[in-house]
Amino acid sequence: MTDILLNYPKFNSTLMKQVESLLSAEWTDFSFTGYHGDLPAPIAATIERGSSGSYEQQLVAGLAYTFFKAPNGDQDVVWVNALAVDAAYRGQGVASQLIQQAIINVASNPKQYPQSHLYVYTDVPRLYANIGFSKVDADAQEGHQVMAYLLPRTEHTR
């Protein structure tokens with residue numbers, strides 16, 4: 001597998017526009033317009049392409065967050081909103097890397113994100129279950145599940 005680099009692209013950058021395009025190819029209503037500034041930064045997974053000292057970053061996956069009510073609660077919390085991996089890189093652990101980084105990003109900021117869990121609404125629950133997410137008893141459309149990951153909140157959280 002090619003080494004994957006995780007990046008936090010700046011808004012309005014070429015890479016951010018590529019992430020938005022990748023995510024909107026999966027969800028036509030996805031857009032970074034109005035992306036809440038208090039959310040963790042979206043994550044772009046890239047690889048280096050090129051030769052002879054001329055390299056460029058090629059986007060292979062992206063992840064974005066949203067605020068939404070906690071299942072069975074009233075408080076808005078951070079959810080993984082969208083995750084997409086280029087078809088050529090699926091099955092290589094890229095999605096798992098992004099999800100694990102998303103967990104770290106939320107868990108390492110307990111003052112900004114005091115929630116106990118990171119949530120996702122997904123049609124691929126096995127992917128999330130393999131990382132440690134559990135099914136939540138909440139309303140979901142056929143073929144989808146709400147899942148939660150218990151965030152580590154220790155003095156060693158980075």
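User: Is Tyr35 buried or exposed?

Analyst: Buried means under 20% relative accessible area, exposed over 50% and partly exposed in between, with a 1.4 Å probe and protein chains only. Tyr35 has 15% relative accessibility, so Tyr35 counts as buried. Phe11, at a relative accessible area of 45%, is partly exposed. This is a predicted model, in which local features need pLDDT of at least 70 and side-chain atom pairs count only at pLDDT 80 or more, while totals for chains, interfaces and linings use all residues. Residues are numbered from 1 along each chain as its sequence is written, and side-chain values use heavy atoms, with hydrogens and water left out.

User: How many aromatic pairs does the structure hold?

Analyst: Rings of Phe, Tyr and Trp (its six-membered ring) pair if their centres lie within 6.5 Å; planes under 30 degrees apart count as stacked, over 60 as edge-to-face and the rest as tilted. The structure holds 8 such pairs. One of them joins Phe11 and Tyr35, tilted, at 5.7 Å centre to centre with 40° between the planes. Helices (H or I, at least four residues) and strands (E, at least two) are DSSP runs, numbered from the N terminus. In those terms, Phe11 sits in the loop between strand E1 (5–7) and helix H1 (14–26), and Tyr35 in the loop between H1 and strand E2 (43–51), 24 residues apart. Ring pairs also link Phe11, Phe30, Phe32 and Tyr35 into a cluster.

User: Which parts does the pair of Phe133 and Tyr149 tie together?

Analyst: This pair is tilted too, 5.4 Å centre to centre and 50° between the planes. Phe133 lies in the loop between H3 and strand E6 (134–135) and Tyr149 in strand E7 (residues 145–150), so the pair ties together parts 16 residues apart in sequence. Both Phe133 and Tyr149 are buried.

User: What span should H2 have?

Analyst: The expected span of a helix is 1.5 Å times one less than its number of residues. For the 14 residues of H2 that gives 20 Å, and the end C-alpha atoms are 20 Å apart, which agrees. Buried residues in H2 include Val94, Leu98, Ile99 and Ala102.

User: What volume does the largest pocket have?

Analyst: On a 1 Å grid over the protein atoms alone, a pocket is an open set of points where a 1.4 Å probe fits, with protein on both sides within 12 Å along at least five of seven lines; lining residues have an atom within 4 Å of a point. A volume is the space filled by probe spheres set on the points. The largest pocket has about 870 Å³. Of its 35 lining residues, the closest to its centre are Trp27, Tyr121, Thr122, Asp123 and Tyr128. E4 gives the largest share of the lining, 7 residues.
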